[in-house]
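Dear colleague,

Please find below the structure that I am handing over to you. My notes on what was found in it follow directly after.

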Amino acid sequence: MILPEPLLRISDLVAGYGHRSALKHVHIDVVESELVGIVGPNGAGKTTLLETIAGTLRTKNGEIRYRNMRIEQLSEMERRKKGLVLIPQDDYIFPGMSVQDNLEVAGILNDKDTTKKLLAEVYEIFPILKDRVKQLADTMSGGERKMLAVAMGLVSQADLIMIDEPSLGLAPNLVTKLLGSLKRIKKKTKRTLILAEQSIKILDVADRLFGLEGGEIVFSDKIENVNREKVEILFFGG
Ligand SMILES: Nc1ncnc2c1ncn2[C@@H]1O[C@H](COP(=O)(O)OP(=O)(O)OP(=O)(O)O)[C@@H](O)[C@H]1O
Ligand SMILES: [Mg+2]
């Protein structure tokens, strides 16, 4: 069997803060149109990993290849132009601006027609945003702001969308809804998604799971091969 060329290939990645390395020789391959979950306890290095891929944090050692091109020396903006976007753990929106203005800023690198098309797509996935186009982002609920942040990632025309803890602070039914929407987005738009998650519901949507602990990958497998019980005990407190 010929395996597809990975969209993202991370080899021997070391990164961290000051003299401490929060990531130790990490290897990860992500194939196009995959939904990948990165799971692990607090302090495991999930945010560090996503920030290093997005370029907000510099690599200390190792390679990051995107479409077979080395990107670890590129700035965050250069990586964004290549189609990688990170929706950070904290809010990514502009609070004093309306929903519509937030989405338009997110699409600033696109031509007008592309933004229009992407906006239509986003409103179909998250109809609540269409109903609230004029509402100021900071008056939206936590769940609605999360949807707006994800929608901004989509409008930015990124091929690889990384989201740091999409479920953080959301009620259980909204977590199910948001993760379900992300899976549909992946299917419909063929985009690739990497989600750092601490919700067990990631097991219901991911195609592949990487377990991170103490800055090291402790397992990686297709979801059908993952021992759910073991993962539950290891990362979600059983
Ligand atoms: N700005 C920083 N300066 C120094 N150390 C940091 C900084 N940010 C994170 N760390 C450390 O790096 C390690 C990995 O942190 P990281 O935020 O990547 O973990 P995480 O898996 O995202 O955790 P959480 O689930 O709590 O968000 C931790 O030991 C943390 O204390
Ligand atoms: Mg984190």
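This is a predicted model: local features need pLDDT of at least 70, side-chain atom pairs count only at pLDDT 80 or more; totals for chains, interfaces and linings use all residues.

**Findings**

Arg 67 is partly exposed, with a relative accessible area of 37%; here buried means under 20% relative accessible area, exposed over 50%, and partly exposed in between (1.4 Å probe, protein chains only). The place of Arg 67 is the loop between strand S4 (61-66) and strand S5 (69-70). Helices (H or I, at least four residues) and strands (E, at least two) are DSSP runs, numbered from the N terminus. Although Arg 67 is not a glycine, its phi is positive, about 50 degrees. Most residues other than glycine have a negative phi.

Residues are numbered from 1 along each chain as its sequence is written, chains are lettered from A and ligands numbered from 1 in the order in which they are written, and side-chain values use heavy atoms, with hydrogens and water left out.

**The loop between S2 and S3**

Arg 67 is also one of the residues in contact with Glu 32; leaving aside neighbours within four places in sequence, Glu 32 is in contact with Leu 7, Arg 67 and Thr 192. Contact means heavy atoms within 4.5 Å. Glu 32 belongs to the loop between S2 and S3 and counts as partly exposed, at 40% relative accessibility. Along the chain, Glu 32 and Arg 191 are 159 residues apart, yet their C-alpha atoms are separated by 7.2 Å.

Ser 33 is likewise found in the loop between strand S2 (20-30) and strand S3 (35-39). Its relative accessible area of 23% makes Ser 33 partly exposed. Ser 33 has a positive phi, near 65 degrees, in a residue other than glycine.

**The protein as a whole**

The protein contains 8 helices and 10 strands. Its radius of gyration is 17 Å, close to the 18 Å that the globule rule gives for 238 residues, so the protein is as compact as a globular protein of that length. The radius is taken over C-alpha atoms, and the rule is 2.2 Å times the number of residues to the power 0.38. The C-alpha trace spans about 45 × 45 × 40 Å along its principal axes.

Of the 238 residues, 50% count as buried. Among contacts between residues at least 6 apart in sequence, 67% join residues at least 24 apart. The protein exposes about 11600 Å², of which carbon and sulfur atoms supply 51%; accessible areas come from the Shrake-Rupley method with a 1.4 Å probe, and for residues only the protein chains shown count as cover.

Helix H4 (residues 112-125) has 14 residues, which at 1.5 Å a residue should span 20 Å; its end C-alpha atoms are 20 Å apart, which agrees. The expected span is 1.5 Å times one less than the number of residues. The buried residues of H4 include Leu 118, Leu 119, Val 122 and Tyr 123. They pack against helix H3 (99-106), helix H5 (127-131), helix H6 (142-155) and helix H7 (172-189).

H6 is mostly covered, as 12 of its 14 residues are buried. Those buried residues pack against S6, H3, H4, H5, strand S7 (160-164) and H7. H6 is followed by Gln 157, whose phi is positive, near 65 degrees.

Lys 146 lies in H6 and is buried, with a relative accessible area of 7%. Not counting residues up to four places away in sequence, Lys 146 touches Gln 89, Glu 165, Pro 166, Leu 168, Leu 170 and Leu 178.

**Phe 94**

Phe 94 is located in the loop between strand S6 (84-87) and H3. At 38% relative accessibility, Phe 94 counts as partly exposed. Leaving aside neighbours within four places in sequence, its contacts are Asn 102, Val 105, Ala 137 and Met 152. Phe 94 and Ala 149 are 55 residues apart in sequence and 9.6 Å apart in space, C-alpha to C-alpha. Ala 149 and Met 152 are among the buried residues of H6.
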